Amino acid sequence: MIMLQQETKPTAALQSLAEELQSHILSFLSYRDILRCTSVCKALRQTYISCSELQYIVELSGQQLLPVPRTFDNLNRTSISKRLQLLRDSAHAWFNFDIHSFETISIPVHHKMWVVNGHLCLWERHEDSTTIFPILPKPSQHTIERDRSPMSLRSDPNAYGFDVLMDPAQNLIAVAYATVDDHFQWDDERIYIDLGTLDRGGIHPQAVGRTLFRSELPGIQSGARTSTDLGKLKLKCFGRLIALWRSLQITCEYLDERLWELQIWDWQHSTTSRSVLSATINPACEEAIDFCFLGNDKLLIFSDDMKLYLIEDTSKAPQLLACFLLPVSLTRIQCITSMDDIPHSSRPQVLAQQTMWTSDLEHQLLSVVTFSPSLIFIISTRIFFDLDLFEGMLEAIPWTNWGPLNARIFQTPIRCNISVGGNRVLLAFPADDTTGIWHPPKKYRLCVMDFSPLAVERGRGLGRVVKEPSTIEFTESRTGESFKLAESLTTSLPYVEVVLDLDKTFGYRGFERIWIDRDRIYFYHGSNQLEVVEITPKAAVAAKFITSSN
């Protein structure tokens, strides 16, 4: 009895405080601890129900979102209770939208196309031109619209362009190119990256210089000849970091091999870099390499395994933090990540004018798509930010130690499309299994999935809650450096899903790609059309109207 009295004293002391103080104390807890406290004490439950601030904390954390700093929030006049309602309505809207209600925009001819931060980015290699424009811009949206030739950005107007990167969140355009001779052959030793602004042209005000210069690849013999493969070069960026990946052939008297090389620059502080990684390419797995940034100091490289690197100083090579072993051998890999517009922006004060919350980089999803075998891995990024879980095994973390509880694997047909945004995933499956290369499908099933903890806890009534493990059958798996037959592979990352049927006809080349952002879905037809589906709930529209009126 004495122990029981001692255990209840802290609760009694807390209940004796004013409700405002109770709320303030509870606000320092994690959202799970707040819910635990309110589930075992009626008084604290009442405090929680009457406090919008506590509910907002729970809703943000449970959806794995972060609040936009108030110093940047242009919607600061919106009350906490209204923000809470908007946040809940926005989450529910993703499970209850009209797939047949959309607007269509026309797309110019292009070689490469992508959607980011509400903008359509196009690059036409043959015409040497780029285009960027806002997609059905909103009143509060910061927009960029411009047609230009990368030739005007490059130091050498006669150079050959390998790839173009456009990031409206940072008002940044980057062009990777090589100088060419009189026979239109590029000089592999003279590949550069030129930087500029998207909206006005000229040197980017945050760039330390106009051109980024490559370092020599370490370990190459004197007299060896290198040649970069056409189409085997790509640019990616995150905040202050820009990375250039390329596949190249090394030829000399006693050597003929293929390598991949990755170099990283801090474009805001130096035009040179010694941050270089490289490795030999297995001929059978030439395309089984991709990479992505995880914030401003981490890099993830996908090949036969997943290697996590720390980038503290671009004057030296990245530091290997951990190696996550994959359960199967892969021959083609594509990494798809969520491109949120606040965490990686150099201008958060501009972008925050149009939002009140943003994804938590340490608690969102990335997708690894493989084409042989045809699989989709959905992986939680939390494992890359909590390496203490794998103490003593960081050099080679077995799949069984990291994969089953932190991933979901889906077997997919070849023409499956996927997009990732925060903790949401959209999968589009052909509804007709008889379709093939020469017969693009016209009808799809769209699967909307939410992996956030709060969606799973409250999922009943929203969609089908999937907590039970799912098993995929395989013919072989990898254990260390050897291969063996495996019967199955099981994963159990929980989620909520809704499956919609698309019974309308797409373009003559079918439906090719999808993108999602905070409140939209973008469907790209194989011709010249982009369909835009708005997910914004009515409550959010009303709040924006009130804010603009004020």
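The largest cavity is lined by E59, Q63, A91, H92, F95, D450, S452, L454, A455, R458 and L462; a cavity is a set of points, on a 1 Å grid over the protein atoms alone, where a 1.4 Å probe fits but cannot get out, and lining residues have an atom within 4 Å of a point. The model is predicted, so local features need pLDDT of at least 70 and side-chain atom pairs count only at pLDDT 80 or more, whereas totals for chains, interfaces and linings use all residues. Residues are numbered from 1 along each chain as its sequence is written, and side-chain values use heavy atoms, with hydrogens and water left out.

**Cavities and helix α6**

- Helix α6 and α9 (453–457) are the elements that give two or more residues to the lining of the largest cavity; helices (H or I, at least four residues) and strands (E, at least two) are DSSP runs, numbered from the N terminus.
- The largest cavity holds about 110 Å³ of space, a volume being the space filled by probe spheres set on grid points that are joined across faces, edges and corners.
- The structure contains 2 cavities of 30 Å³ or more.
- By residue class, the lining of the largest cavity divides into 5 nonpolar, 3 polar and 3 charged residues; Ala, Val, Leu, Ile, Met, Phe, Trp, Tyr, Cys and Pro count as nonpolar, Asp, Glu, Lys and Arg as charged, and the others, Gly among them, as polar.
- The buried residues of α6 are I80, R83, L84, L86, L87, D89, A91 and A93, where buried means under 20% relative accessible area, exposed over 50%, and partly exposed in between (1.4 Å probe, protein chains only).

**Sheet β3-β4-β5-β6**

- An open sheet of 4 strands runs in the order β3-β4-β5-β6 with antiparallel pairing; two strands pair if DSSP finds at least two bridges between them.
- The edges are formed by β3 (112–116) and β6, and because each has a single partner strand, one side of each is left without a neighbour in the sheet.
- Direction ignored, neighbouring strands of this sheet are turned by 10 degrees against each other on average; the axes are lines fitted to C-alpha atoms, and angles run from 0 to 180 degrees between N-to-C directions.
- β3 pairs with strand β4 (residues 119–124) in the antiparallel sense over 5 bridges, and W114 stands opposite C121 in β4.
- L136 lies in the loop between β5 (129–134) and β6 (146–148), and its phi is near 45 degrees, a positive value in a residue other than glycine.
- L136 has 25% relative accessibility and therefore counts as partly exposed.
- Most residues other than glycine have a negative phi.

**Sheet β15-β16-β17-β18**

- Another open sheet consists of 4 strands in the order β15-β16-β17-β18, paired in the antiparallel sense.
- Its edge strands, β15 (290–293) and β18 (319–325), each pair on one side only.
- From one strand to the next, the twist averages 20 degrees.
- β15 and strand β16 (residues 298–302) run antiparallel and are joined by 4 bridges; C292 has L300 in β16 as its bridge partner.

- Strand β34 (residues 520–525) is mostly covered, with 6 of its 6 residues buried.
- R520, Y522 and Y524 point one way from β34, while I521, F523 and H525 point the other way, and all are buried.
- In a regular strand the side chains alternate between the two faces of the sheet.
- β34 is joined to strand β35 (residues 529–534) by 5 bridges, and the two run antiparallel; Y524 stands opposite L530 in β35.

**The loop between β7 and β8**

- N171 is found between β7 (160–167) and β8 (172–180), and its phi is near 55 degrees, again a positive value in a residue other than glycine.
- With 8% relative accessibility, N171 counts as buried.
- P168 lies in this loop between β7 and β8, and its relative accessibility of 3% makes it count as buried.
- P168 and T197 are 29 residues apart in sequence, and their C-alpha atoms are 9.1 Å apart in space.

**Residue N401**

- N401 belongs to helix α8 (residues 399–402) and is partly exposed, with a relative accessible area of 39%.
- The C-alpha atoms of N401 and F390 are separated by 7.8 Å, the two residues being 11 residues apart along the chain.

Technical notes
On a 1 Å grid over the protein atoms alone, a cavity is a set of points where a 1.4 Å probe fits but cannot get out, and a pocket is an open set with protein on both sides within 12 Å along at least five of seven lines; lining residues have an atom within 4 Å of a point.
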